[in-house]
Amino acid sequence: MYVITPPFYPVFSKNRGLVRLPISKCWGILWIFVCSHQALQAQDIQVWKEQDGLANRVVNYGLQSSDGYLWLASMGGLHRFDGYSFLTLLAEEGAQKAFGLAESRDTLWVGTDQGVKALDLKIYEGVTFSVPAGTKSGQIIGVAADEDYQIWAVSEAGDLLCRTSDFRWTRLLSPSHTQGLFGEKSKLLISGSFLWLRNRLGECFRIHRQSLVVEGPYFASPNLSEGSLFLHPDHGVLAFGAQGVEQFHEGTGKFVSLWPELGTNLCFALHDYQGRMWLIGEDRKQFLLWHQGVKTDLTQSFFDPKDNTHLNYLFEDRSHNVWVCSNNGFFKISNEPNSFQQLLTPAQVDFPNYIPSFRGMLEDAKGDIFIGGYSGLFRWNPQGRLQRLFDNTIPFSPYILLEADARHLWVVSEGYGLLKVNKQSGELAVMADNSGTLDRFLKAGVRRRDSTLWLGGYQGLWTFHESTATFAPVSFPFGGLDVGALPINHLYTTQDGHLWVSTDKGLYECDSASVLRYYGTHENAHAPLVTQVIHSVLEGPKGKIWIATGGWGVLCLDRNTGQVKPYTTYSGLADNTVAFGLYDGAQGLWFGTNVGLSYLDLTTDQFQNYFVIDGLTHNEFNKGSYLKTRDGRLFFGGVNGVNVARPSSEGSTPSEKHRVQITQIEFLDAQDSLIRIQSPQQIEEGVRLPVHTSYLLLHLGFSDYLKPEKNRYAYQLEGYSDQWISLGEEHILRLASLPHGDYQLNVRATGAKGNQALSQFSLPLYVPQVFYKTWWFITAVIVFVLAAAFLVILQRGRRQRDLANMQLMIATDLHDDVGSALVKVAMKAEMLEEEVPHTLETEMSDIAATCRKVLGNMRDVVWSIDARQSTVPDLFDKIREHVRHQFQSSAFSYGFQFTEELDQVNITPQQKKELFFIVKEAVANVLKHSNGSEVQLKAHKTERKLILEVWDNGEVASLPEGPGMGLRNMRMRADRIGGTLECIAQPGFLVRVHTRIV
């Protein structure tokens, strides 16, 4: 063991010398600085000019409409701002210059250089109302609207105009009443049942809104530049003048001095949600903040005097931002209150050559807070006394602080390993490792119930026994790994005494001797996680384990069920890289991330996020840098200092004041022309997209303008998928190649601080079907096909009838003409047979026989083509007739077996012909070649076939082949009608033909 004795330095030491200031005075100066800093809290400032989308940088007026958009009246027209981009209106009508705005019943009234413009906020179309006849100037510099739908306007020349509920314009005041001194920025003010107007001379006019009776003038102190009125929630109508601020006294009808200490040349004021007043003065070049009797000049803080910026108007949005309309752009000043006390900031403490980044924290039994960082070790006592315990030149960083005894601390450090520090003197004792195995770069430590310190570093895990001051490496074999040899990120002990070891290989739950469970991405994990990179763990209410990860947000592990619930930026977390978690002991958890501090309300399961604009020293937080004190204070350390807060119960509930919007839709039509939809009514009605849309962009917006670039969006496409898909901070949604169907696109949003819109935006989408898949096209095709088939069938029927008629005619002609001729030839041959010489009798007999044979064959042909005889019974009758004729003079006996079910079967003329000739050929073969004595003809049908058989009992050794058998002809005829022919030689001889029937 060796000792380092550093000098003691108070917080305000400079150049490493001792500044002899009493502690009370030091803290007095520090407290004044902190209070001043909080009074000037408006650090997040942005400005928009022409390069950002403004048509003209001279912005005269602005307001937030009921639909959440910001509207600006500029010298380049009217602008709508959604937090990301500007939409310019009125420019198509000659770039009207806009000077004033007022909203009433979904209508925006705009004072322009061409009169009063009424813009419908649903369709973004409007009408310009010319001023009444006799009005000297058409340039309207101020407008106001009341709940009775009366519109008030004042012209640059001094005319006061009113558009009553019957849509008529009335001139109430002319320049002769006001001497034409209303000025460029005269403001109309509605207070109760009156309208107020003031000119440069300090003359104030009051008009009854119902009777239109003009009262006054009431005189207030004149302003050297321009006069204005202001309505204060506590003090009523106020006028700014050369003597400060004056209040109108209803009883006396006079203005009396209220705050003369505000000074001269005040032009305008904004009373914000914190009760503070933002003031414009000194010819609109001075920017002041006034609160509780203290006036602070902010001009140099916000505006560069070299820009010659003139302030025209101020207004506050629902996110508490202050918006400044000027001649040199449009400014946003974040006006969030400081929610945290700041400690150890660079402005409070000297950090030569070191980053003011902090890690380990501890509260001892006396209530002293010890804070470690790259710049040394500090002590902050309950009385507010801050001390640095040792010189910041010592090259190590206190990572974890642990209680040793009443006088000492254990410091787990990067660079010197384990140290013992005297809390009073700052004396350091480095705990030497005799074995030489201890990693000097430690970043995790925990004190167990047996007073044993468990230490973790880049090279593994060790124990330190306080009684013997000895170190011992720890070996935890598990799943082929030694957990004790892994780089350790964090150590934590739960109430059941288990040790939780966080590594880049997962999370391990251990006792003093072994690993009990593993949580990670491997198959043997007790509960699977989405990542192995675990930064820290925390035991929350109901024994749940909250796991801070490096890139996957926060995971909530239920030890009873083994279920893991993720919390990411989609859930409202500030960032997915989380350094630590801290339970506030009430109903919330705090998580330090890389881009902000997140508070999770366990009752609502909603996040509230905090950033630099809320009073944080920086948005980045460090591992091990958190503490909850016994009195409920919460300490969070990170870059640039330490943040102190008390537990919050406000949570993040859905906001009624913010709305999610679809600000613009773009897609390509069927001709590939870009279609852009911007009016709310058209967007709400939905979109009919062309077939196979390959380009669909939806611009999203959220009326929380605190940090629009940090707003997060998610969408659901009903009809395609019920899943919500996170867009993160991307505010443009791209959809492509949607199939045919009706969809509903739902969009929801979350602000930078975690507040959600109370309702989501729903957009109907319809993608038509490609024409060849539409019902009408399919119906038309079916009708066309059926009509074509009908025509084909009709034509075939006609052709068949024509063919049948032709066949009948041919049959008739053959029977009548050729048949009669053959009969005559046969008869003459028979008659001449008796008259011719004996040598010619045989020839004449052959002629007569041939003619009668040809006549018989012709009759068979005529019968086969006769369409009138096309049934199976007709075929069977013909077969019977032919068989009887062939076998009547032979020695064969014959028989027929034709079933009755065949009587109702129809066959085609072609089938009838070919079947008859097959039977005729088979019978002829029996007569010529069979040595049998019996012939049988059978016919029956199966489900779809007609089977015809000719059998004789003759004995055949093998199937005969030759030209005389006619088997080839029979097979050819069977093929013609789509049938088959079988010849079976034993027993007997069988000819069987199959043909299909309908």
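**Strands, rings and charges in a predicted model**

Q: What makes strand 17 and strand 18 a pair?
A: Five bridges join strand 17 to strand 18 (residues 203-208), and the two run antiparallel. Two strands pair if there are at least two bridges between them, so five is enough. One of the contacts is between Leu 197 and its bridge partner in strand 18, Phe 205. This is a predicted model, and its values are computed.

Q: What lies between strand 17 and strand 18?
A: Four residues separate the two strands, which form a hairpin. In the turn, Gly 202 has a positive phi of about 85°.

Q: How do you know that strand 16 pairs with strand 17?
A: Four bridges join strand 16 (residues 188-191) to strand 17, in an antiparallel run. The cut-off is at least two bridges, so this counts as a pair. Leu 188 has Leu 197 of strand 17 as its bridge partner. Strand 16 and strand 17 also form a hairpin, with two residues between them, and Gly 192 in that turn has a positive phi of about 65°.

Q: Is strand 17 mostly covered or mostly open, and what shows this?
A: Strand 17 (residues 194-198) is mostly covered, since five of its five residues are buried. Buried means under 20% relative accessible area. The cover is on both faces: Phe 194, Trp 196 and Arg 198 are buried on one side, and Leu 195 and Leu 197 on the other.

Q: What makes Arg 206 a charge over a ring?
A: The charged end of Arg 206 is 4.0 Å from the centre of the Phe 194 ring and sits over that ring. The distance limit is within 6 Å, so 4.0 Å meets it. Elsewhere, the charged end of Arg 748 sits over the ring of Trp 724, 4.0 Å from its centre.

Q: Why do strand 4 and strand 7 count as edges?
A: They belong to an open sheet of four strands, in the order 4-5-6-7, with antiparallel pairing. Strand 4 (59-64) and strand 7 (86-89) each have a single partner strand, so one side of each has no neighbour in the sheet. From one strand to the next, the twist averages 20°.

Q: Why is the pair of Phe 478 and Tyr 518 called what it is?
A: The whole structure holds 54 aromatic pairs. In this one, the ring centres are 6.1 Å apart and the planes stand at 40°, so the pair is tilted. The limits are centres within 6.5 Å, with planes under 30 degrees apart called stacked and over 60 edge-to-face. Phe 478 lies in strand 44 (residues 477-478) and Tyr 518 in strand 49 (residues 515-520), so the pair ties together parts that are 40 residues apart in sequence.

Q: Are Phe 478 and Tyr 518 buried or exposed?
A: Phe 478 has a relative accessible area of 22%, so it is partly exposed. Tyr 518, at 2% relative accessibility, counts as buried.

Note on methods
Residues are numbered from 1 along each chain as its sequence is written. This is a predicted model: local features need pLDDT of at least 70, side-chain atom pairs count only at pLDDT 80 or more; totals for chains, interfaces and linings use all residues. Side-chain values use heavy atoms; hydrogens and water are left out. Axes are lines fitted to C-alpha atoms, for helices over the stretch in contact, and angles run from 0 to 180 degrees between N-to-C directions. Buried means under 20% relative accessible area, exposed over 50%, partly exposed in between (1.4 Å probe, protein chains only). Rings of Phe, Tyr and Trp (its six-membered ring) pair if their centres lie within 6.5 Å; planes under 30 degrees apart count as stacked, over 60 as edge-to-face and the rest as tilted. A charge sits over a ring if NZ of Lys or CZ of Arg is within 6 Å of the ring centre and within 35 degrees of the ring normal.
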